[in-house]
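My notes follow in the order I looked things up.

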Amino acid sequence: MALREILVVPHPVLKQVSQPVAVVDDELRTLMDEMLETMYEAPGIGLAAIQVGVPKRVIVMDLARQDEEPQPRFFVNPEILWASEETAPYEEGCLSVPDIYDEVERPAKVKLRYLNYQGEQIEEDAEGLFAVCIQHEMDHLEGVLFIDHLSRLKREQAIKKVKKQVKAA
Ligand code: NI
């Protein structure tokens, strides 16, 4: 299994809009497996395909706590069918914006539709960390990063900080 390289800001590919997947086949499952391994290795709790340079509407996630068994989840062509008017703040981070954390306000609950690892269509309600994470990852599919929800000043500071880290590495 190959680990993929995670792109970081300000890589222009992260701003691309990802394209729908036509069919969930073994080739796509290999991509999802590799994304999951890359996410675990990072480590992180969610990863969108565009973060490894693949502009497809694919997300992997695992929200299990460290003392729990892994609970890998796969979302292909996810859509938000409904979002609550109630919002909730959460201190977000992103593997493409390493070591930067800031509060983002999003709908507290959403209803989702997506294809799973087997290509079956699922409808599911999300709240709490799951709601935060799926909305954060779905933003990636539109070329949007969590820092795009912050003020311009905070966004520019974040990118500057990441550039400095990359240079120092
Ligand atoms: Ni992210």
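I began with D99, which lies in strand β5. This is a predicted model, so I read every value here as computed. D99 is not a glycine, yet I found a positive phi of about 65° for it. Is D99 buried or exposed? D99 counts as exposed, because its relative accessibility is 54% and the exposed class begins over 50%.

I then looked at N77, which has its place in strand β3, residues 73–83. N77 is not a glycine either, and its phi is positive at about 50°. I noted both because most residues other than glycine have a negative phi.

Next I checked the peptide bonds. Which residues does a cis peptide bond with omega of about 5° join? I found V9 and P10 there. P10 sits in the segment before α1, the helix that spans 26–41. I also found a cis peptide bond between A42 and P43, with omega of about -10°. P43 belongs to the loop between α1 and β1, and that strand covers 46–48. I flagged these two bonds because most peptide bonds are trans.

**The nickel site**

I turned to the metal. Which atoms coordinate the nickel ion? I listed SG of C94, NE2 of H136 and NE2 of H140, at 2.1 to 2.2 Å. Along the chain, these donors follow the spacing C-x41-H-x3-H. C94 lies in strand β4 (residues 87–94) and H136 in helix α2 (residues 128–141), so this pair ties together parts that are 42 residues apart in sequence. I checked the cover as well: C94 and H136 are both buried.

**Salt bridges**

I searched the whole structure for salt bridges. How many did the search find? It found 15. I followed up several of them.

I then asked about cover. D139 counts as buried because its relative accessible area is 16%, and the buried class is under 20%. R106 is buried too, with a relative accessible area of 6%.

I set R65 and D67 beside that pair. Their side chains meet in a salt bridge at 3.4 Å, N to O. Both R65 and D67 are exposed, whereas D139 is buried.

Then I looked at D148 and R155. They form a salt bridge, with 4.0 Å between the closest N and O atoms. D148 is partly exposed at a relative accessible area of 27%. R155 is partly exposed at 22%.

**A contact across the chain**

I looked up L150 next. L150 has its place in the loop between α2 and α3. L150 counts as buried because its relative accessibility is 11%, and the limit for buried is under 20%. In sequence they are 46 residues apart, but in space the C-alpha to C-alpha distance is 7.4 Å.

**Surface patches**

Which residues form a positive patch? I found K160, K163, K164 and K167. K160 lies in helix α3, residues 152–168. K160 is exposed because its relative accessible area is 60%, and exposed means over 50%.

I also found a nonpolar surface patch of about 240 Å². I45, Y90 and L129 make this patch. L129 has its place in helix α2. L129 is partly exposed, with a relative accessible area of 30%.

**Cross-check on helix α2**

I went back over the entries that mention helix α2. H136, a nickel donor, lies in this helix.

Note on methods. Residues are numbered from 1 along each chain as its sequence is written. This is a predicted model: local features need pLDDT of at least 70, side-chain atom pairs count only at pLDDT 80 or more; totals for chains, interfaces and linings use all residues. Side-chain values use heavy atoms; hydrogens and water are left out. Patches are made of residues with over 30% relative accessible area and no salt bridge: like charges are joined within 9 Å, nonpolar side chains (Val, Leu, Ile, Met, Phe, Trp, Tyr) within 5 Å. Accessible areas come from the Shrake-Rupley method with a 1.4 Å probe; for residues, only the protein chains shown count as cover. Lys and Arg count as positive and Asp and Glu as negative; His and the chain ends are not counted. The place of a charge is taken as NZ of Lys, CZ of Arg, CG of Asp or CD of Glu. Helices (H or I, at least four residues) and strands (E, at least two) are DSSP runs, numbered from the N terminus. Buried means under 20% relative accessible area, exposed over 50%, partly exposed in between (1.4 Å probe, protein chains only). Donors are N, O and S atoms within 2.8 Å of the metal (3.2 Å for Na, K and Ca); water is not among the atoms, so sites may look incomplete.
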